[in-house]
Amino acid sequence: MSSTLDRVSAAAGFVDRTLQNEGAWYRADDVEDRLGGQLASYGSSVGAVRGTVRDALRKYKDLDHDAVVQLASALWGQPRPGSRAVFERRLAAVVLLQSTKALLRHSDLTRIEGFLRSAGTRELVEPLLSDVVAPFLAGLGGRDRQRAAVVLARWRTDSDSQLRTAAAFIDQQAAPEAPPQGDTHERSL
């Protein structure tokens, strides 16, 4: 058990240090201004975040399901007690989940729910929904699909507008496309 915690802690430290080293003060100021100061920023580019997660997954190859979700939670949280959560760390958590969505289980929706509730910005919610949750749910079948449907039903009526919006997005992704409107006559060239 401590071995997994040690690996997760080492991976989180690697990601955090790398993102700080890749940061620039002018990007950090821009991100913090754009987000209204809700989250701190290291000023790392999106490419640096993606590359850092890719490198972490190469360096820590044996991360199983539990380690991945623990790492995502560690990145989503505060880097130190009393500090603000950091946008790039949270984005790294989203990229991590996106890169490892095959490992996710229906029970991980409650963890993702916590991420959605605390995201603080659409810039994190949108990729979390479109790049992690929607494709993950599309791959579920049988009982896992039914259990996920229970969670989504709860999201639809939750008092948190972020969860209601998330459920609506998921419902829209799952709905079949409407047939085209207007002229339906076949045209020949």
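Visitor: What makes H8 oblique to H9 in this predicted model?

Guide: The axes of helix H8 (residues 142-156) and H9 come within 7 Å and cross at roughly 130 degrees. Angles under 35 degrees count as roughly parallel, over 145 as roughly antiparallel, 65 to 115 as roughly perpendicular and the rest as oblique, and the crossing of roughly 130 degrees therefore makes H8 oblique to H9. Axes here are lines fitted to C-alpha atoms, for helices over the stretch in contact, with angles from 0 to 180 degrees between N-to-C directions.

Visitor: Which residues of H8 and H9 meet?

Guide: Leu152, Trp155 and Arg156 of H8 meet Leu163, Arg164, Ala166, Ala167, Ile170 and Asp171 of H9, where contact means heavy atoms within 4.5 Å. By class, these residues are 6 nonpolar, no polar and 3 charged.

Visitor: Why are H7 and H9 called oblique to each other?

Guide: The axes of helix H7 (residues 122-138) and helix H9 (residues 161-174) come within 10 Å and cross at roughly 45 degrees, and H7 and H9 are therefore oblique to each other. On the H7 side the contact includes Val125, Leu129 and Val133, and on the H9 side it includes Thr165, Phe169 and Ile170.

Key
Residues are numbered from 1 along each chain as its sequence is written. This is a predicted model: local features need pLDDT of at least 70, side-chain atom pairs count only at pLDDT 80 or more; totals for chains, interfaces and linings use all residues. Side-chain values use heavy atoms; hydrogens and water are left out. Helices (H or I, at least four residues) and strands (E, at least two) are DSSP runs, numbered from the N terminus. Ala, Val, Leu, Ile, Met, Phe, Trp, Tyr, Cys and Pro count as nonpolar, Asp, Glu, Lys and Arg as charged, and the others, Gly among them, as polar.
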